Amino acid sequence: MLVDTHAHLDFHNYHEDRDAVIERAYKSGVSHIINVGVTIESSRLSIELARKFAHVYASIGIHPHEASQIVLQEVLPILTDYAHEGKVVALGEVGLDYYRTLASPEDQKKLFREMLRLSQNLSLPLILHVRDSYNDLFTILREELGKGPLKGVLHCFSGDERVLHEALSLGLFISFTGQVTYQKNDMLRKLVSLVPDERLLLETDSPFLSPHVHRGKRNEPSFLCETARCIADERHLSVDDVGRITTLNCHQLFGFPDVAVTPKAVYKIRNSLYINTTTHCTNECSFCARFFDDFVKGHNVRIQKDPNPSAVLQDIDTFEGDFKEVVFCGFGEPFIRLDFIKEVSRQLKKKGVYIRIDTNGHGNLIHTRNILPELKGLIDELCVSLNTHNEVLYRKICRPHFEGNVFQEVISFIHEAKKVIPHISITFLDLPDVDIGEMEKIAQTLGVASRMRRFNSVG
Ligand code: SF4
């Protein structure tokens, strides 16, 4: 399920086959489309499309190119009136465009400020267009921010890293078009992977900016899957993952579509099946996602109580073996539930399932004995979050519940694990205080693989 959050299907380019284009989009997995108005007339047509097609929603607004043509006193009441239509979900596209300067910057800024106030009065998120005018756009947004809440998306993102960080710091979502698929756009693809999951959106900007394989042709929402595939590759995810993440984001920003947000004990990311083992932990890591969010890669993992083995095994069965491994993980430390792990693993091993545990390495501290021999033949892989390169930093960042040298206890746990578990790796954080060279030395000494983890990336 993908949502095209920006298309102009009211444009003349679709006069001959508009209905077929919308039908094609739906058949290709684009469940919903936001048709974005750029003038009063185009906003009216967007509403008409939303009335006609169940899966089309409307955004209303005046494009900056129109800023010198319109009379503000005339358009503001019309837009206010349009906003009361049930399927109007945003105000846009609005913004600043100094690339083509079809309207003077002064007129554009005046219109933009009015559009910002309107969005705040109407409680509608913004769809922002910006070209060669980032500084003015951010200045105005910051000035207006103090006067009320700002919710919106930077549509068709094509800025640099500074622009990206500034937009994120203002709370904006970031939306990518088929431009990410262009062979020369390595820089844009690099930025795709820097956007946090919870701020990512997709769009086609049809009829413009067809993805690489359709370049030169009129764009249409059914081509969105090409952009989704490219973004999935960049972020080392599946297209399903990108669809789930961006559809949830669309729901969070625009209030549609309805998405399943009930907490899950078993959920799939990429080709791995995760078991949300417990929400309890023996660390209080300063970066831990469970303190900030309920979601991991679009799944709600905030379970109310720890799951039992039979319910989990039943859930796993519903995936009909369509996964490469099962991972004990979740918003807590799996080894707190050692008996649960052993029971579920015993059943899965009968079916030859590959099993991994993502752990903080406190298993022996929790149970005050060496638990590792009990896992022999049950667990194939252990991934230990060591995070830092010494005890002082470990205590500062991971804030363990145990006294003593917990960092050293984790190292000892890894030594013991090597005797019974075939594959072991450690992860560390890409924080400035963490010495990567030291971490690699630790991994070498232990004889295990190592991997760096972005501190703000979960799943
Ligand atoms: S060990 Fe994992 S689950 Fe526990 S607080 Fe740290 S990041 Fe969160």
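Mentor: This is a predicted model. Start with His 236, which lies in the loop between helix 8 and helix 9.

Trainee: Why is His 236 called exposed?

Mentor: His 236 has 9 other C-beta atoms within 10 Å. A residue counts as exposed at 12 or fewer, so His 236 is exposed. Just after helix 8, His 236 also takes a positive phi of about 55°.

Trainee: What makes Phe 112 buried?

Mentor: The count for Phe 112 is 26 other C-beta atoms within 10 Å. The term buried needs 20 or more, so Phe 112 is buried. Phe 112 is found in helix 4, residues 105-122.

Trainee: Which residues does Phe 112 touch, not counting residues up to four places away in sequence?

Mentor: Phe 112 touches Pro 64, Val 94, Gly 95, Leu 96 and Ile 140. For Gly 95, the C-alpha to C-alpha distance to Phe 112 is 5.6 Å, and the two are 17 residues apart in sequence.

Trainee: Back to helix 8. Which of its residues are buried?

Mentor: Helix 8 covers residues 224-234, and its buried residues are Leu 224, Cys 225, Thr 227, Ala 228, Cys 230, Ile 231 and Ala 232. The elements covering them include strand 1 (2-7), strand 2 (30-36), strand 7 (173-176), helix 7 (186-192), strand 8 (200-202) and helix 9 (239-254).

Trainee: Why is helix 8 called roughly perpendicular to helix 9?

Mentor: Their axes come within 8 Å and cross at roughly 105°. Angles from 65 to 115 degrees count as roughly perpendicular, so helix 8 is roughly perpendicular to helix 9. In the contact, Cys 225, Ala 228, Arg 229, Ile 231 and Ala 232 of helix 8 meet Val 239, Asp 241, Val 242 and Gly 243 of helix 9. By class, six of the contact residues are nonpolar, one is polar and two are charged.

Trainee: What makes helix 2 and helix 3 roughly parallel?

Mentor: Helix 2 (residues 40-52) and helix 3 (residues 72-82) pack at about 10°, with axes 11 Å apart. Angles under 35 degrees count as roughly parallel, so helix 2 and helix 3 are roughly parallel to each other.

Trainee: Which residues meet there, and how do they divide by class?

Mentor: Ile 40, Ser 43 and Ile 47 in helix 2 meet Val 75, Ile 78, Leu 79 and Tyr 82 in helix 3. Six residues of this contact are nonpolar, one is polar and none is charged.

Trainee: How is the protein divided into domains?

Mentor: Domain 1 spans 2-254 and domain 2 spans 266-453. Their centres, taken over C-alpha atoms, are 39 Å apart. Eight residues from domain 1 and six residues from domain 2 make the contact. On the side of domain 1 that touches domain 2, three residues are nonpolar, one is polar and four are charged.

Trainee: Which residues are around the ligand?

Mentor: They are Cys 281, Asn 283, Glu 284, Cys 285, Cys 288, Arg 290, Phe 331, Gly 332, Glu 333, Asn 360 and Ser 385.

Trainee: How does the shell around the ligand divide by class?

Mentor: The shell has four nonpolar, four polar and three charged residues.

How values were computed. Residues are numbered from 1 along each chain as its sequence is written. This is a predicted model: local features need pLDDT of at least 70, side-chain atom pairs count only at pLDDT 80 or more; totals for chains, interfaces and linings use all residues. A residue is near a molecule or strand if its C-beta atom, placed from the backbone, lies within 6 Å of it. Ala, Val, Leu, Ile, Met, Phe, Trp, Tyr, Cys and Pro count as nonpolar, Asp, Glu, Lys and Arg as charged, and the others, Gly among them, as polar. Helices (H or I, at least four residues) and strands (E, at least two) are DSSP runs, numbered from the N terminus. Two residues are in contact if their C-beta atoms, placed from the backbone, lie within 7 Å. Domain bounds come from an automatic or database domain assignment. Axes are lines fitted to C-alpha atoms, for helices over the stretch in contact, and angles run from 0 to 180 degrees between N-to-C directions. Angles under 35 degrees count as roughly parallel, over 145 as roughly antiparallel, 65 to 115 as roughly perpendicular and the rest as oblique.
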